[in-house]
Amino acid sequence: MTPINASAAGSPTGRLQQQDNVFIHPWEDLAALGGNHRTIIARGEGIHLIDTDGNRMIDGPGGMWCVNIGHGRREIADAIAGQAMTLGYFSPWAVSAEAPARLAARLAAAAPGDLDHVFFTTGGSTAVDSALRFAFFYNNLMGRPQKKQVIARIGGYHGSTHLAAGCSGKLSEKRHMDMPDGVHLLSCPKPLLRPAGMSVDAFCDARVAELEAKILELGADRVAAFIAEPVLASGGVIIPPDDYHRRCLDVCRRHDVLYISDEVVTAFGRLGHLFASEAVFGIRPDMITLAKGLTSGYVPMGALLISDRLLRDIAGAGGDARVFFSGFTYSGHPVAAAAALANLDVIERDGLLAHVRRVMPHFSARLRALADLPVVAEVRVIGLMAGVECTLDAAHPHEDRDYAFTLRVDRHCQRMGLLVRPVYNMCVMSPPLIITEAQIDRMVDILRAGIEQAMAEVAAERRASA
């Protein structure tokens, strides 16, 4: 297939595409390096992206789950510029600054339960790494140096740094990558995968029992933490059964295992609340990791919320100073903190949480209607995030073939004005939270047409080769 965005070599876009081939992108196929013709984005406006050829597209994936308040917000640009002119950097080892201090207090005040302290990082991966390092540090100070095993889940994604990648359960991405020892993956809590005849309640029972069995198999005195996204985002918007998270937390409490809720995607309005752990799933975890919507993607920043209980335990452990030897040159970066504060101001002033809750039913209904297409195996929707799973042959799913199909869908959708993010055999939607019902209609109409055109293209090719 000719790439949709292959431009003439001498054109402005063609020259940029040649230069872009020097940029090794995340998850780059190095065997194809030099031959890519990616869409080159020139600017963003609201829910739209405009490429260098002037084509206007709805930003279906919202950047990477992160452009929550939309593109081109003057409030964020002004906050970034003003902070950069006032104070562009400080060393978090030696002193502090106004913006990160204010942001820490604001996050702690909004967080569930006793998650009243904030450790700033550079993004989601480093937030997850910091959570795991804190769990190990905590157990060392508690006199339990052997309590270092971590439990995660197949289908989960927690980042690209070493520890975070080790906890990620997207198995095809680990084929040629070395991973740390001490991470144990449970079955994916995706109800579609349950055996024929098994109810969703029974499936939930089995997944919760599997967690407890793994803790007992490893030894509760050796398991440090269970880490879980409330919704497995990059795994394809996998929504565990109702009550799954609360029951998993009960298991962790019973066996003194820390529960880390990875809210890098679900926080800051994606599910209609600032934090989803308690408001949506009814849990108060020991730690929460944050990034993405914290600044709406305008500048990189991550954070780790830590329970007061853990800090009290450390303070009461006795001994000499208990220094958490972890941190980053850009921890609490003042420009990023100013962007985050402005982002929170926009979310509050514009009533975006209420807006999300108001448009969620329409978003869900329109996307779920795609289930009538023969290639759509399942549509999963929660809040303003959705995964439309496509399988050309439901009886014999094939990862590479179905992924090629979703790439076709993206190619057709881009021509019609929608950027899609293919994730394996899924079309993932997580648009900016400012999207209206009319814009949802436009987005889903294009997605339906893109799937239909890809189906027709495959059918024509099969007839030609018959």
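## Basis of the description

The model is predicted: local features need pLDDT of at least 70, side-chain atom pairs count only at pLDDT 80 or more, and totals for chains, interfaces and linings use all residues. Residues are numbered from 1 along each chain as its sequence is written, and side-chain values use heavy atoms, with hydrogens and water left out.

## The sheet

An open, mixed sheet is built from seven strands in the order 4-10-9-8-7-5-6. Strands (E, at least two residues) and helices (H or I, at least four residues) are DSSP runs numbered from the N terminus; two strands pair if DSSP finds at least two bridges between them. Strand 4 (117-121) and strand 6 (183-186) each have a single partner strand, so one side of each lacks a neighbour in the sheet. From one strand to the next, the twist averages 20°.

Within the sheet, strand 7 (residues 223-228) and strand 8 (residues 258-262) are parallel and share four bridges. A225 has L258 of strand 8 as its bridge partner.

## Helices on the sheet

Helix 4 (residues 98-110) lies across strand 4 and strand 10 (302-306), at about 125° to strand 4. Angles run from 0 to 180 degrees between N-to-C directions, with axes fitted to C-alpha atoms, for helices over the stretch in contact. Helix 9 (residues 308-315) touches strand 4, strand 8, strand 9 (287-290) and strand 10, and makes about 70° with strand 10. Contact means heavy atoms within 4.5 Å.

## Lysine 214

K214 belongs to helix 7 (residues 200-218). Its relative accessibility is 19%, so K214 counts as buried (under 20% relative accessible area; exposed is over 50%, partly exposed in between, with a 1.4 Å probe and protein chains only). Apart from neighbours within four places in sequence, K214 contacts I151, H184 and L186.
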